[in-house]
Structures are given as C-alpha cells and as structure tokens.
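Take a walk along this model with its side chains in view.

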Amino acid sequence: MSSFIEKQEALKKLQEIEKQIDLLEQQLTQNIDKEIHRTKQAVSNFIENGEEKMNKFEKMFAERKFVRSLRKKVV
C-alpha cells in the first residue's frame with residue numbers, strides 16, 4: 001500500500017514539475033519575443049538614422065558641387 005502512496009506522491013511532484021516547466025517555457029518565449037521586437041526596433045532606428053545622415057551628406061555634397069560650379073562660372 002505504501003508503494004502505491006509513494007507512486008501517487010511521485011506523480012503529483014512530477015505534475016508540479018511539469019507545470020513549472022510549462023510556465024518557464026512561456027516566460028522564455030515571451031522574453032524571446034520581447035527581445036526580437038527590441039532588436040527589430042533597434043535595427044529599424046539604426047537604418048532610419050543612417051538614411052537621415054546619408055540624406056544630409058548627399059545634400060551637403062550637392063550644395064558644395066553647386067558652389068564649385070558657381071565659382072568656376074565667376075572665374
């Protein structure tokens with residue numbers, strides 16, 4: 001009889017461990033999803049900032065080219 005009770009207790013402990021594992025899996029999945037979102041946002045921001053800097057550089061380059069062309073016409 002005690003063998004049956006021990007098996008019942010072991011089964012309960014096993015079920016509790018399985019519940020804890022399930023909760024940990026859910027937390028891990030949520031954390032991974034959050035990190036993926038943060039990474040995507042960071043990459044998006046990096047690209048956006050890079051595009052802004054490139055646009056500023058291109059505008060500055062065009063302005064300098066225009067000024068040079070005016071200087072050549074004046075000389």
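Phenylalanine 61 lies in helix 1, which covers residues 2-74. Helices here are DSSP runs (H or I, at least four residues), numbered from the N terminus. The model is predicted: local features need pLDDT of at least 70, side-chain atom pairs count only at pLDDT 80 or more, and totals for chains, interfaces and linings use all residues. Residues are numbered from 1 along each chain as its sequence is written, and side-chain values use heavy atoms, with hydrogens and water left out.

Phenylalanine 61 has a relative accessible area of 48%, so it counts as partly exposed (buried is under 20%, exposed over 50%, partly exposed in between; 1.4 Å probe, protein chains only). Phenylalanine 57 is also partly exposed, at 47%.

The structure holds 1 aromatic pair. The ring centres of phenylalanine 57 and phenylalanine 61 are 6.5 Å apart and their planes meet at 20°, so the pair is stacked. Rings of Phe, Tyr and Trp (its six-membered ring) pair if their centres lie within 6.5 Å; planes under 30 degrees apart are stacked, over 60 edge-to-face, the rest tilted.

Now look at the charged side chains. A search of the whole structure finds 1 salt bridge (a side-chain nitrogen of Lys or Arg within 4 Å of a carboxyl oxygen of Asp or Glu). Arginine 38 forms it with glutamate 35, with the closest N and O atoms 3.1 Å apart. These residues, arginine 38 and glutamate 35, are 3 apart in helix 1, so about one helical turn lies between them. Glutamate 35 is partly exposed, at 42% relative accessibility.

Conventions: Helices (H or I, at least four residues) and strands (E, at least two) are DSSP runs, numbered from the N terminus.
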